[in-house]
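Hello,

Here is the structure you were expecting. Please open it alongside this note; my findings follow below.

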There are 2 protein chains.
Amino acid sequence: MNLDSLALRLQNDQLSILDQQLLPFEKKWLTVKSVDEMITIIKALKVRGAPLIGVAAALALADEARQKKYSIGQFQQAAERMRQARPTAVNLMNAVDRVTAAAKTSDYISAVWNEAVAIFHEDVELCEKMGRRAAELINEGDGVLTHCNTGGLATVGRGTALAAISCAWEQKKSIHVYVDETRPLLQGGRLTAWELSEMGIPYTLISDNMAGWVMSQGKVQKVFVGTDRIAMNGDIANKVGTYSVAVLCKYHNIPFYVVGPSTTIDPHCPSGREIPIEERAPHEVRGVEGSFGKVQWASPESQVYNPAFDVTPVDLITGIVVDGDYFSQTDLKAGALRRLFN
Amino acid sequence: MNLDSLALRLQNDQLSILDQQLLPFEKKWLTVKSVDEMITIIKALKVRGAPLIGVAAALALADEARQKKYSIGQFQQAAERMRQARPTAVNLMNAVDRVTAAAKTSDYISAVWNEAVAIFHEDVELCEKMGRRAAELINEGDGVLTHCNTGGLATVGRGTALAAISCAWEQKKSIHVYVDETRPLLQGGRLTAWELSEMGIPYTLISDNMAGWVMSQGKVQKVFVGTDRIAMNGDIANKVGTYSVAVLCKYHNIPFYVVGPSTTIDPHCPSGREIPIEERAPHEVRGVEGSFGKVQWASPESQVYNPAFDVTPVDLITGIVVDGDYFSQTDLKAGALRRLFN
């Protein structure tokens with residue numbers, strides 16, 4: 001079987017991952033031969049983007065079960081290890097839940113495999129739906145600011161927030177994108193700038209602390225971001241810095257939109273307060289590291305805080321596009337997400 | 001004559017500057033033998049910090065006039081070139097104005113020299129006054145966030161906003177400082193973290209986009225920043241990112257204080273709209289560069305916006321400490337700064 005996307009491939013049943021830590025200067029595909037290899041790759045952010053992590057995790061589990069002819073018990077142990085790879089993004093947990101549930105049939109190895117492949121195809125389709133629905137929110141001439149990377153590198157489809165932008169561009173809307181570089185790991189400066197330039201969409205790269213100043217000059221009409229987890233009350237977790245952008249939008253009366261597939265919703269999470277926030281190593285803030293090189297400008301003794309994500313409360317969110325649907329803040333506060341699970 | 005400070009020295013009449021681009025890993029003093037050398041050093045940010053630039057400019061002019069036995073006309077030409085070195089910080093213009101005014105006496109070379117030395121000593125004294133006055137605004141147990149570098153490296157005294165913090169620490173107030181790394185040039189991560197650690201003051205380094213998240217967790221009770229120019233209506237220009245911090249303070253009801261010497265006030269500037277904002281080279285945003293190394297993660301073709309400063313309107317400012325005085329937003333709006341010049 002073959003599956004193909006910008007950053008994940010299955011060729012002759014061999015799973016491989018584009019090492020995103022090496023982008024934009026080097027395109028290196030990593031063959032992934034086991035669940036534990038995939039866990040290491042996820043932790044090192046070589047594969048990243050909440051939806052893509054979910055698909056990658058499901059395929060790695062299905063592949064290992066098949067190759068090693070796992071018993072159900074062994075499969076469940078591997079699934080548990082996978083679940084711990086990153087704590088914040090819920091797509092990972094959702095994908096693991098789905099292949100685990102599929103494992104409850106008699107021919108469980110085929111069932112798990114088919115489920116993982118179905119997750120891949122669904123993600124492609126959901127991206128298309130999200131992009132089209134969210135693009136309706138973008139007007140001709142809009143300046144659109146985005147944070148982190150939410151495009152073809154974050155999913156196996158065309159992305160979430162960045163799909164809104166690329167769909168609007170396909171619809172011939174003349175837009176300009178402001179790209180937050182997204183410290184500390186520079187997903188904006190390395191990945192989003194690269195994706196936009198590949199698509200020929202005009203953009204301006206800024207450091208994160210310039211977002212407010214750009215807004216104050218009237219250059220930004222809409223903000224679109226992705227999400228790693230959507231709580232039932234409409235609070236969302238996303239890449240650190242998203243919360244600050246949302247506050248800046250509130251002050252400048254700029255609509256703040258979140259775009260994510262339904263696999264990002266966590267029905268067990270009542271609000272943002274319950275979302276665990278992953279803290280990462282201090283050296284990420286003391287410097288930068290990637291295929292472009294490695295430098296550290298702050299002393300190795302400097303005290304650092306490095307949350308990978310933050311939580312944006314529903315009060316700061318104009319609306320969320322989930323798959324093909326749009327939920328306004330009013331809808332969210334009225335319990336629209338809860339109703340999806342009833 | 002000898003003058004000594006953390007980043008500027010006069011030893012046996014020889015002016016030298018600590019190369020701040022090399023900090024914190026290398027301490028290299030640059031001997032400055034001419035006005036044009038000093039202009040190059042200022043443009044390259046080897047000397048930085050609005051008050052320090054003013055003192056450095058005055059001493060370089062006085063030194064060159066004396067060494068080269070300039071005519072008044074030659075001196076005035078050199079002063080004009082110096083004035084163009086950086087457009088946003090007004091201390092530079094104020095210092096050049098003062099030595100130019102002093103040049104109108106008969107023994108003009110001595111007069112200019114004495115004036116430059118007086119500016120040095122005044123800056124030391126003003127830092128002390130500012131620090132003490134501003135420290136009164138800090139309470140026992142406060143979390144204090146600051147942006148950019150405003151300490152002993154930004155002045156010839158103990159600094160402006162950072163003097164508030166070091167004075168409060170001297171007064172045995174138990175405080176914790178959150179340091180914005182301050183992209184693109186990392187004055188927070190390289191310089192402020194280093195100064196705080198030298199003084200033994202507890203701090204946490206964060207990337208700029210974490211400021212809002214840290215505030216939302218109740219960790220920040222006050223924000224102190226310096227300034228490169230204060231307009232007559234109370235608007236201020238400061239390092240890019242200051243405006244975003246001020247908006248975040250407004251949303252979180254956190255007092256936002258500005259600290260600057262009276263030499264930072266521009267009586268000819270009615271409001272922030274009239275402050276010219278220096279734009280710097282795009283490679284600063286595409287990567288980082290310093291004694292720690294040089295890396296570029298964004299493509300050399302990427303479009304970049306790189307304002308060095310932004311303007312924070314008086315509406316977002318709780319108060320400004322000028323020398324030993326405190327002006328609340330109400331004072332500022334009632335024209336308190338205008339009255340200083342009447």
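Contact here means heavy atoms within 4.5 Å. On that basis, 54 residues from chain A and 54 residues from chain B take part in the contact. Please keep in mind that this is a predicted model.

The interface first. Chains A and B bury about 4300 Å² between them, with 68% of it on carbon and sulfur atoms. On the chain A side, W213(A), W297(A) and Y305(A) supply 20% of the area buried against chain B, more than any other three residues.

Two salt bridges are counted between chain A and chain B. In a salt bridge, the side chain of R183(A) meets that of E181(B) at 2.7 Å, N to O.

Which elements of chain A touch chain B? Those giving two or more residues are α7 (187-199), β7 (203-206), α8 (211-216), α9 (242-252), β13 (293-296) and β14 (309-312). α9(A) gives the most, with seven residues. By class, this side of chain A has 29 nonpolar, 17 polar and eight charged residues.

One residue in chain B is also worth a look. A103(B) lies in the loop between α4 (90-102) and α5 (108-135). Is A103(B) buried or exposed? Its relative accessibility is 4%, so A103(B) counts as buried; the cut-off is under 20%. Beyond its neighbours within four places in sequence, A103(B) contacts I72(B), F75(B), Y108(B) and V112(B).

Best wishes

Definitions and conventions. Residues are numbered from 1 along each chain as its sequence is written. Chains are lettered from A and ligands numbered from 1 in the order in which they are written. This is a predicted model: local features need pLDDT of at least 70, side-chain atom pairs count only at pLDDT 80 or more; totals for chains, interfaces and linings use all residues. Side-chain values use heavy atoms; hydrogens and water are left out. Helices (H or I, at least four residues) and strands (E, at least two) are DSSP runs, numbered from the N terminus. Buried means under 20% relative accessible area, exposed over 50%, partly exposed in between (1.4 Å probe, protein chains only). Buried area is the accessible area (1.4 Å probe) that two parts lose on being put together, summed over both. A salt bridge is a side-chain nitrogen of Lys or Arg within 4 Å of a carboxyl oxygen of Asp or Glu. Ala, Val, Leu, Ile, Met, Phe, Trp, Tyr, Cys and Pro count as nonpolar, Asp, Glu, Lys and Arg as charged, and the others, Gly among them, as polar.
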